[in-house]
Protein chains: 2
Amino acid sequence: MVQTDTVLNDVDKAILRLMQDDARITNVAISKKLKMAPSAVLERVRKLEERGIIRGYTANLDPAALNKELLAFIFIKSADGFGCDTSAKAFAAIPEVQEVHNIAGDDCYLVKVRVANTQALMELRRKRFSKIANILSMRTTIVMETVKETQTISIT
Amino acid sequence: MVQTDTVLNDVDKAILRLMQDDARITNVAISKKLKMAPSAVLERVRKLEERGIIRGYTANLDPAALNKELLAFIFIKSADGFGCDTSAKAFAAIPEVQEVHNIAGDDCYLVKVRVANTQALMELRRKRFSKIANILSMRTTIVMETVKETQTISIT
DNA sequence: GTGTTTTTAAGAATATTATTCGTTTTTAAA
DNA sequence: TTTAAAAACGAATAATATTCTTAAAAACAC
């Protein structure tokens, strides 16, 4: 076997670009754009899924329509030791938590949360975060306006 | 007309949950889960798209496979006036920039970027950010480990 | 309450797409 | 070259999407 495990060829990249842009694009549409047979495209997509390069597909929803208009970033200092994810896992288990990152510098976590309003944010802190052990401190930064918000990876 | 513009009923919410979880779920599969006719589901999905509640569909890709393993948050102070998005728009136009938020407090932006490595990050700063006017200062925070990263909105 | 309008769902028919699988072509290594 | 493996093709079939007509339900006015 060659370097199949890690390397993507141009066809794979083209497929990924198309599906990143519109995950509900049909197989036939991809095959037309790439001038290939649908069966060949399908096999590639399957392999990209199997290899874990495509992790899944998701719909992008309007937060306002779902009454989740408040976005905030919370910096959390924790007493977790190195390589210990205990509190991080606890953060991740909260549905309103969209992201949990271990950031360099302050041995602290950066947590992104999306809730209805400031009251809901307070409640989240009180009812969920305060129950999590090891937290030393929390600093919350509220987003006033989001200009761009994607998960899109630039495929080169 | 009633409050159709803003309110979602239980069927809509169920559809949104399913599609947020797997955007490539078939219409038929949704209709079976919801015990409805496929045509009825299709009409609802169409309306959710038209109303802008569903903004689009995207594939979640493995950053490592695409050689974009470094995630960083950059706090940028800018001389932009209130309600002036000039530099924010410029940030948003950079493909490696996934998010741009105007955050409260320091009249500054929080920008999330995904690149290959620290060298690529330096190059991005030098070649792209330095060309953008109005920037007063930048502080970069590198992510060491990501525990959770979704755009999923909890639908209640 | 009744009648009316509007919205929503259903069902059947058709168009489109997904999927399978045997064959051919291409690729890459010996 | 020769050969083996991988990739693409193409045709046949299964499944799904989509359209459109009709029926049911909900909302509204009176």
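**Contact between the chains and surfaces around the DNA strands**

The contact between the two protein chains takes 56 residues from chain B and 56 residues from chain A, two residues being counted as in contact if their C-beta atoms, placed from the backbone, lie within 7 Å. The model is a predicted one, in which local features need pLDDT of at least 70 and side-chain atom pairs count only at pLDDT 80 or more, whereas totals for chains, interfaces and linings use all residues. Residues are numbered from 1 along each chain as its sequence is written, while chains are lettered from A and ligands numbered from 1 in the order in which they are written.

On the side of chain B that touches chain A, two or more residues are given by each of α1 (10-21), β1 (54-61), α4 (86-92), β3 (97-103), β4 (108-115) and β5 (135-149) of chain B; helices (H or I, at least four residues) and strands (E, at least two) are DSSP runs, numbered from the N terminus. The largest share of this side, 9 residues, comes from β5(B). By class, the side of chain B that touches chain A holds 27 nonpolar, 16 polar and 13 charged residues, where Ala, Val, Leu, Ile, Met, Phe, Trp, Tyr, Cys and Pro count as nonpolar, Asp, Glu, Lys and Arg as charged, and the others, Gly among them, as polar.

Strand β5(B) also pairs across the contact, running antiparallel to strand β3 (residues 97-103) of chain A, to which 5 bridges join it; pairing requires that DSSP find at least two bridges between two strands. Within β5(B), B:Val143 stands opposite A:Ile103.

Chain B is superposed on chain A by a rotation of 180° with 0.0 Å of shift along its axis, with an RMSD of 0.0 Å, and the two copies are thus related as by a two-fold rotation axis. The superposition is by least squares on the C-alpha atoms of residues with pLDDT of at least 70 in both copies. The same surface serves both copies, as 100% of the contact residues of chain B recur in chain A.

DNA strand C is surrounded by 15 residues, of which the closest are A:Thr26, A:Asn27, A:Ser39, B:Met36 and B:Ser39, a residue being near a strand if its C-beta atom, placed from the backbone, lies within 6 Å of it. At least two residues of this surface are supplied by each of α2 (27-34) and α3 (38-50) of chain A and α3 (38-50) of chain B. Around DNA strand D there are 15 residues, and A:Met36, A:Ser39, B:Thr26, B:Asn27 and B:Ser39 come nearest.
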